[in-house]
Amino acid sequence: NSLGITLALLAGLLLTGCAGDKSILDPAGQAARDVVMIWWVMLGFGTVVLVLVTAFWLYTFKRKEVTRTPADERKIARRWIIGGGIVLPVASITALLAFGVPTGQRLLPLPLADPPEVIEVIGHQWWWEVRYPGAEGGEVVTANQLIMPAGEPVDFHVTGADVIHAFWVPRLGGKIDMVPGRVNKIRLEADEPAVFGAQCAEFCGAQHAQMQLYVEAVERDDYETWLAARQTEQLAALAVNDQQHDSAREAFMTHCASCHRVAGLSSGREGPDLSDLGSRTSLGAGIMAMEEGAVTRWLQHHQDLKPGNKMPPHDDIETATLESLGAWLETLTP
Ligand code: CUA
């Protein structure tokens with residue numbers, strides 16, 4: 001009928017807005033395809049129910065008045081209650097479960113003969129800590145960027161540092177809560193090298209919406225190279241071995257070192273690790289592009305750019321010092 005068709009067209013129109021690097025309707029891995037398949041089936045099923053109910057409803061307007069005995073009334077009512085109220089819902093929900101449960105099972109990180117890469121992601125207000133415990137040569141730690149190998153399953157072990165956050169890479173699969181004191185696991189796979197948007201998906205305070213992340217899937221070789229360049233000694237050499245930025249390093253040790261790690265200089269864990277900051281594509285957990293001068297701009301205006309973030313304002317630090325700090329941090333590019 002026309003109402004159903006109108007609604008379907010309207011829904012189709014709305015869905016054209018669902019493109020981009022965070023679209024669940026554009027899956028880029030098996031887990032995401034499973035999730036979106038469930039979504040389409042539910043949508044189809046819901047549409048059929050809507051059309052049927054609407055048809056019945058319209059039919060009641062057209063139906064001729066008939067007089068029945070009370071006994072007949074009761075018989076018809078009972079038929080509707082048993083058929084429409086019990087049998088139909090039980091049958092349809094059972095069918096949906098039979099379809100959905102195995103799909104959900106496939107998303108669980110069950111043991112594999114060839115154990116997948118593990119990447120740990122820790123949600124903080126309002127940024128992401130990312131750890132690679134399996135890196136050859138020792139654990140690698142970064143923040144606000146996630147590099148993963150493409151074309152193979154990757155197990156994400158997630159937790160929260162302060163409140164509950166949720167890790168969600170819509171094009172790769174379902175979201176999973178990051179709960180303090182608990183490690184949740186999800187297995188995702190990217191078909192091919194690409195960059196995907198990720199978003200905190202559990203309200204976690206004022207800057208929840210600004211808790212974003214770019215996930216970059218790369219070839220296995222590139223992944224290994226990327227990790228090797230981020231071994232502590234490599235990063236330390238990067239941070240310490242240039243004479244040009246002595247004053248910036250000094251300022252860093254005074255103002256930043258207690259909260260931020262720069263390999264070779266400090267081991268703060270309150271705020272994001274900055275050891276390879278210059279190599280990232282974005283700043284402030286995905287809110288601004290990394291370009292020349294961006295770090296200085298962030299240092300000067302971060303409370304305007306992301307109000308309420310846990311880094312104290314830097315009004316007490318001279319502009320020239322912030323500029324030299326920003327310029328130095330941008331050189332930290334393995
Ligand atoms: Cu973290 Cu919302």
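Two residues are taken to be in contact if their C-beta atoms, placed from the backbone, lie within 7 Å. The structure is a predicted model, in which local features need pLDDT of at least 70 and side-chain atom pairs count only at pLDDT 80 or more, while totals for chains, interfaces and linings use all residues. Residues are numbered from 1 along each chain as its sequence is written. Helices (H or I, at least four residues) and strands (E, at least two) are DSSP runs, numbered from the N terminus.

Helix α6 (residues 246-255) packs with helix α8 (residues 319-330) at an angle of about 100°, and their axes are 9 Å apart. α6 is therefore roughly perpendicular to α8, a class that spans 65 to 115 degrees, with angles under 35 degrees roughly parallel, those over 145 roughly antiparallel and the rest oblique. Axes are lines fitted to C-alpha atoms, for helices over the stretch in contact, and angles run from 0 to 180 degrees between N-to-C directions. On the α6 side, Ser 247, Ala 248, Arg 249, Ala 251 and Phe 252 meet Thr 321, Ser 324, Leu 325, Ala 327 and Trp 328 of α8.

A residue is buried if 20 or more other C-beta atoms lie within 10 Å of its own, exposed if 12 or fewer, and partly exposed in between. Not counting residues up to four places away in sequence, Leu 172 touches Ala 28, Gly 29, Ala 31, Ala 32, Leu 188, Ala 190 and Phe 196.

Helix α3 (residues 70-106) comprises 37 residues and reaches 53 Å from its first C-alpha to its last, close to the 54 Å expected at 1.5 Å a residue; the expected span is 1.5 Å times one less than the number of residues. α3 is hardly covered, with a count of buried residues of 0. At Val 87, α3 bends by about 30°, and Pro 89 follows within four residues.

Ala 206 is found in the loop between β9 (194-200) and β10 (212-218). With 12 C-beta neighbours inside 10 Å, Ala 206 counts as exposed. Pro 307 and Gly 308 are touched by Ala 206, not counting residues up to four places away in sequence.

Technical notes: The bend at a residue is the angle between axes fitted to the seven residues ending there and the seven starting there.
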